[in-house]
Amino acid sequence: MNAPAARFLSPSEAARQLGISAKALRLYEERGLIAPGRTPAGWRAYGAAEMARGAEIVALRALGLSINEVARILSGDAVILDRVLAAHEASLEASIRQSGDSIARVRRLRADLGRGKVPATSDLIGAVRARPAIGVAFDLPWPWGGERFELRDIKLLNYIVGPLGSGKTRLAQRLAEVLPNASFLGLERTADGGAAVRARLAADPAHKARVEASLAVLLADGAVDSAALTTLLAALEADGDAILVIDMLEHGLDAASQEAVIAYLRRRGPEARPLFFLTRSSAILDLDAVGDDEAIILCPANHSRPICVTPVPGAPGYEAVATCLASPEVRVRTAGMVAWRPS
């Protein structure tokens, strides 16, 4: 009996089976991560070997790794492998510490119960949460009509997305005002070429050392050294537990630096402070790589109330978010442009 013919999938079928978009699959091909075969007619075809490689890429991306990091791991780069394992080890250790704290709290509550003391609801919730929940509620500023906006159980990474004129900057500024111990990092952070930040770092050796260590990691991941990158790291590595709200995370960063920065932020671990940031870059907000501890907040073009969008095709707001995003190259080329002008 003849063996059955090998099963080859089209790009759309392969993407569906891998749980990613066809656009992401094409990007992986462009970056040299996967090489599909071709049919006699010249169409791309994905066989068992290509699908196995695709599954590896998807799994590595799910760990929060950048495309550059994935490429280096697949090529057997020992340096990046050690760094990824070290980051995973640190994350596991943080989870163990959190579990130990939770166990201690649960034991105290059980001991209280044994003495006839019923715990308060807030104490019970705090004992079973992985980390303290942070929430916020406020009336929306202009250009909205004062509707109530609420975020419960804020995630570690929070993307704020919307078309030009949608009010996303005003939302970000308002979040910085109402969130506990929060600060807003605007686009003026690079106005002086980073001179003010360098002066502050020179006066604080410990802060400077943290920034230099993080910068070395990002450069090893393909980022380009720049005043914009140093300024961003100075804010991220500042002492304290303030929540940062950042205007256009990609501001002043090239494509490789954007990919390295978002991968770096995803590796911070469960004990890190939450971050909010505006973006319109598909390198920063890769809809196929959004993790469980990340949230997307969409400001609709019609100034209806902002909504949280699930990164799944077909979910409410998903297509609107996708249309707001562009590659870093396109973002640079079209910076400040609008789609139309009134006559």
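**View 1. An open sheet of six strands, ordered S6-S7-S8-S5-S9-S10 with mixed pairing.** Strands here are DSSP E runs of at least two residues, helices are H or I runs of at least four, and both are numbered from the N terminus. Two strands pair if DSSP finds at least two bridges between them. At the edges stand S6 (182–185) and S10 (307–309); each has a single partner strand, so one side of each is left without a neighbour in the sheet. On average, neighbouring strands of this sheet are turned by 25° against each other, direction ignored. Axes are lines fitted to C-alpha atoms (for helices, over the stretch in contact), and angles run from 0 to 180 degrees between N-to-C directions. Keep in mind that this is a predicted model: local features need pLDDT of at least 70, side-chain atom pairs count only at pLDDT 80 or more, and totals for chains, interfaces and linings use all residues. Residues are numbered from 1 along each chain as its sequence is written, and side-chain values use heavy atoms, with hydrogens and water left out.

**View 2. Strands S7 and S8, with H10 lying across them.** S7 (residues 243–246) and S8 (residues 275–278) pair in the parallel sense over three bridges. Ile-246 stands opposite Phe-277 in S8. H10 lies across S6, S7 and S8, and runs at about 155° to S7.

**View 3. Thr-230 in helix H10 (residues 227–236).** Thr-230 counts as buried because its relative accessibility is 17%; the cut-offs are under 20% relative accessible area for buried, over 50% for exposed and partly exposed in between (1.4 Å probe, protein chains only). Leaving aside neighbours within four places in sequence, Thr-230 is in contact (heavy atoms within 4.5 Å) with Val-197, Leu-201, Val-211, Leu-215 and Asp-225.

**View 4. The largest nonpolar core, at 40 residues.** Such a core is a set of buried Ala, Val, Leu, Ile, Met, Phe, Trp, Tyr and Cys residues joined through side-chain atoms within 4.5 Å. Among the residues with the most contacts inside it are Phe-277 and Leu-285. H10 supplies the largest share of this core, seven residues. Not counting residues up to four places away in sequence, Leu-285 touches Tyr-159, Val-161, Thr-279, Val-290, Ile-296, Val-321 and Leu-325.

**View 5. Cysteines in a structure with zero disulfides.** Cys-324 is in no disulfide, and the nearest cysteine sulfur, that of Cys-299, is 9.2 Å away. Cys-324 is buried, with a relative accessible area of 6%, whereas Cys-308 is partly exposed at 48%.

Notes. A disulfide is a pair of cysteine sulfur atoms within 2.5 Å.
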